[in-house]
Amino acid sequence: MKIERHWGISLLAILAVGPGLMLNSALTPLQGLLQKTLDSSSYPSIIPILTGTIAFALFVPLGPFLRHKWGDKTTYITSACISLLGVLLSLISTKFIVFEAGRVLQGMGAGMALMMMLPMLVLSFPISRRNLALLILIGGFYGSSMIGVCFGTLVSHTGHWKEIFYVAVACSILAILLGYTLLSNEGTRHAKEKAHFDWMGFVWAGIFALLTAFTVLSLQKWGGSSLYVWIGLGGSVLSFIFLFITEYSITKPLLSFRLILHKKPLLAILVVITGYIAMTLSLVSLQGILKTVNALPNKEMVIVYLCLLVGVAVAAILSCLLYDKLGPGILGMIGALLIIGVNLTWMYAGNHEAYAFFAISFFVLILGVGFTVASGLMGAALGGPLPDLVPRMATVQFLRMIAYAAIPVISSYILNRFSEHHLTNGSSQDVSEQSVEKSQLLAYHDLFFSSFSASLVLLCFSFLMALTGKGHKLAHKPHHQLNEEHKENSNEEVVQPPQPPPLYTKDVVIPDHDYRKALQKFKQLKPSQTNDDVFREALKKFKEK
């Protein structure tokens, strides 16, 4: 049984990028377990998450460049091998520094593959069924992140964190085998001149990423009042300004900021980032209440977290069916309203709720965020000239991953501040376990209000994007079919009598395309034929028409 090309490319894309997204989200609930296993109590627990995500973001723009230089097959297998090496290092590591080196390599490999596989994924589908690419994008990539959340939370109870890395190893090995079988180096056939690499842009992007990571680490370790936080924040802002000026002023930048400074792409980026902020705040609150108050048995816990995956599947299917009909703006508004509904429900709900209530909340939350992801990413991809899709999306993905690295840490810091505030405002002498738990529950409800506020902003951004129009469609009929249908309809309306061929005279002007055809045939002569005879035959055929 021969697999169709677009399904093969879809599988390769998920195998190359999915494990990286899965591990990035799985390590968040495993921070304490990793510190005990690796004896890394002197290191901030957020470092493994930051290093993988920052490396992922930094190497996203390299994918299109390497594909142009090396070709599809070589680039894909190289990125898969780097990812496999990184996962193996993290798996066998007993020292924190080795684990970090593995996370960096794994992030590099996944980042290289992302913007190489996304254009291939979209273009591999027939144009009439190109909306199925959105099914893979949401179900495969966004689903991988949710699988990581589920695995990480469930594995944190068992204490065996290496099981997730075994899954990543299997995916990387399968990616190498299938990539060697299904791909070829087609990407180099148009690369006649030497590919130009923007080293200055890459250096500034690296400085910006490192300073952002330093700021986030300082925020977690010392809090917002630390001088290190403000130094890192100032350095991040300045480095981003230099990066923007550098990339805006050259003709072939690594990050094409010029392409995203339009209404729809810019609003789409804001929709994606705001949606992730709302999801992170709500998800932290739901998981916190579930862990603090409702200590569920393992069976019910599995059912609750499976609703995350069900929400992803439903979001992928509905986004695939509704995107072309509604457009990114309306789809984003629906997602924002779903998130608002979850937050309003929990702002007025009690602490002790049935596990079915949690399951429904998880499902609706992830469904809404799935709509915003589809709205933002496809709105940015199709919100400008289609020939510029790859550099535009590389810039969007870089900014998106940088934001994804910082938002969880900022959310954790906000939660701690809310909890300290409620604990301080309580009885100053009562520092019992019950008072701490009560302050945490109040902080979770404050996070729901913060998520509600972010969802309102998300609704505004989506509404503004809806005002810009639907933009390009994902799936539509090929142009030649439209032309044929137009001809058939015109023939049905007006029946033209057959026209006799024009009489040839010496004053007739030969059309350019017929003359070029005659010359082309003239150039393809066999040595045994005389040039004059064949040229006269070509002209004779034209006259007979």
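Biologist: Which residues touch the most other members of the largest nonpolar core?
Modeller: This is a predicted model. Its largest nonpolar core holds 150 residues. Those that touch the most other members are Tyr76, Tyr142, Phe362 and Phe398.

Biologist: How many helices and strands does the protein have?
Modeller: The secondary structure of the protein is helical, as no strand is found. The count is 19 helices and zero strands.

Biologist: What share of the residues of the protein counts as buried?
Modeller: The protein has 545 residues. A residue is buried when its relative accessible area is under 20%. By that cut-off the buried share is 49%.

Biologist: At what angle do the axes of helix H6 and H7 cross?
Modeller: Two packed helices are described by the angle between their axes and the distance between the axes. Helix H6 covers residues 96–124, and H7 covers residues 132–158. Their axes come within 9 Å, and the crossing is right-handed. The angle is roughly 145°.

Biologist: Is serine 144 buried or exposed?
Modeller: Serine 144 lies in helix H7. Apart from residues up to four places away in sequence, serine 144 touches Gly18, Leu21, Met22, Ser25 and Gly139. Its relative accessibility is 9%, which is under the 20% cut-off, so serine 144 counts as buried.

Biologist: And glutamate 437, is that residue buried, partly exposed or exposed?
Modeller: Glutamate 437 sits in helix H16, residues 433–467. Its relative accessible area is 31%. Because that value falls between 20% and 50%, glutamate 437 is partly exposed.

Biologist: How far apart in space are glutamate 437 and isoleucine 289, C-alpha to C-alpha?
Modeller: In sequence, glutamate 437 and isoleucine 289 are 148 residues apart. In space, C-alpha to C-alpha, the distance is 9.9 Å.

Conventions. Residues numbered from 1 in each chain as written. Predicted model: local features only at pLDDT ≥ 70, side-chain atom pairs only at ≥ 80, totals over all residues. Heavy atoms only, no water. Helix = DSSP H or I, 4+ residues; strand = E, 2+ residues; numbered from the N terminus. Buried < 20%, exposed > 50% of the residue type's maximum accessible area, 1.4 Å probe, protein only. Contact = heavy atoms within 4.5 Å. Axes fitted to C-alpha atoms, helices over the stretch in contact; angles between N-to-C directions. Left-handed = near helix turned anticlockwise from the far one by under 90°. Core = buried A, V, L, I, M, F, W, Y, C linked by side-chain atoms within 4.5 Å.
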